[in-house]
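Please open the model in a viewer and keep the selection panel at hand.

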Amino acid sequence: MGGVGNLTATRPPQPWTAPTANDPVSASLRLPGSKSMTNRALVLSALATGPSTLAKPLRARDTELMAAGLRAMGAHVSIADDERWLVRPHPLVGPAHVDVGLAGTIMRFVPPVAGLANGQVTFDGDPHARTRPLGPLIEALRSLGVRIDTTGPGSLPLVVQGTGRVTGGEVVIDASASSQLVSGLLLAAPRFDRGLVVRHVGPPVPSAPHLRMTVRMLRAAGAAVDDSTPDVWVVEPGPLTGRGWEIEPDLSGAVPFFAAALVTGGEVTLQGWPRGSAQPVELLRPLLQQMGAEVTLTTEGLTVRGSGRVHGLHADLSDVSELTPVLTALAMLADSPSTLTGVGHIRGHETDRLAALTREFTALGADVTESPDGLQIRPRPLRGGMFRTYDDHRMAHAAAVAGLAVPGIELDDVACTSKTMPEFPTLWSAMVTGKS
């Protein structure tokens, strides 16, 4: 079991009381764009041969830091218009500094790009970012000839001594800690002189749908990618084309709102959901259905309806691990026990999420047991109290969901949701109270 020694808040919080629902929620929402798609589109656009636009991108801390990091290396990234961002590629140069914040996408997607820059690029971020798994990516880049200086054991801070080109070739990596380790290599690979062959060796790569998103977006930008062999990705060298990117609404950000439909017996529709999504909606649907939801996709959007009863869930969440905190909150309110497995790697996310969820829900009276790769939850009545978020937006989402049914749950810092959805507190309160 993981410890909780590193679970400390890093800035003075402003407590926020999660609103309790007195009636079934009924809401039709247009949520901000997908962080995963926005940051991939920014990287691909910065490496392209011509300008690109991002329609309906996510404006949040993670994406603004990504834009700033690419801009620091010479790309022209205009994010003045909330509805349409513009990226004009320019030769990448140093010296530059990239603040990764607490974003895995930045700390894993941008170092391979920095290898293509001519000059020194430094990377650092929030204190906990220095504990997030980065070593396999560093060693992979070093094996490709990229010079990287580190002061710690394969973690931030680091310095990439870019030479303006990366030879490429073949690399072996253990990406069992995060699929982002592979995605980071793949996104820059078309610009490597010889392209790249990535072979994963080790336990299964988690969050496989995010890898499929990476491959899909690379192909959309003109890259030749072969992922037909399990755990092997082949990217041919060649130009990436500038294009218009249509950013989908964020599915992970929608899940707490869908959970509200389950908890309250209400109905929530996420507007603008595409039928051919790059996000794993096909994996979310059966999970919500097992917990008692009705899920439909129509021209209006993706709709979740609840009966007011939540059922326990026994599921391997390795492909959708970012859903673990909200599904844990739902499991606390269910009518039968739950077992969530396959998510040991989320100990290396914004915080050790398994330890944090166990500690905070136990403090509210929950019966939850932490295992090496998941949680066991036996529902019993919860009480109000302070819920620490550890600068982790998903922890805040979990507390908000529990607060729908449990009066008096106070989040020590709801502002951490600005990482991926600055509007969350306002949208959430409006949905629960029925006031826009």
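Begin with the second largest pocket, whose lining residues divide into seven nonpolar, one polar and four charged. This is a predicted model. To display the lining, select Pro204, Val205, Ala208, Leu211, Arg212, Val215, Asp227, Thr229, Pro230, Asp231, Trp233 and Asp319. The pocket they line has a volume of about 180 Å³. Colour α6 next: with four residues, α6 gives the most to the lining of this second largest pocket.

Now centre the view on Gly33, Lys56, Pro57, Ile247 and Glu248, which lie nearest the centre of the largest pocket among its 25 lining residues. The space in this pocket comes to about 510 Å³. Its lining comprises 12 nonpolar, three polar and 10 charged residues.

Finally, select the entire chain and switch to a cartoon, in which 12 helices and 23 strands make up the secondary structure. The radius of gyration is 21 Å, close to the 22 Å that the globule rule gives for 436 residues, so the chain is as compact as a globular protein of that length. Along the principal axes, the C-alpha atoms fill a box of roughly 60 × 45 × 45 Å. Colouring by accessibility brings out the burial: 60% of the 436 residues count as buried. With the surface shown, the chain exposes about 15700 Å², of which carbon and sulfur atoms supply 51%.

Technical notes:
Residues numbered from 1 in each chain as written. Predicted model: local features only at pLDDT ≥ 70, side-chain atom pairs only at ≥ 80, totals over all residues. Heavy atoms only, no water. 1 Å grid on protein atoms, 1.4 Å probe; cavity = no way out; pocket = protein on both sides within 12 Å on 5 of 7 lines; lining within 4 Å. Points joined across faces, edges and corners; volume = space filled by probe spheres on them. Nonpolar A, V, L, I, M, F, W, Y, C, P; charged D, E, K, R; others polar. Helix = DSSP H or I, 4+ residues; strand = E, 2+ residues; numbered from the N terminus. Rg over C-alpha atoms; globule rule 2.2 N^0.38 Å. Buried < 20%, exposed > 50% of the residue type's maximum accessible area, 1.4 Å probe, protein only. Areas by Shrake-Rupley, 256 points an atom, 1.4 Å probe, with all protein chains shown as cover.
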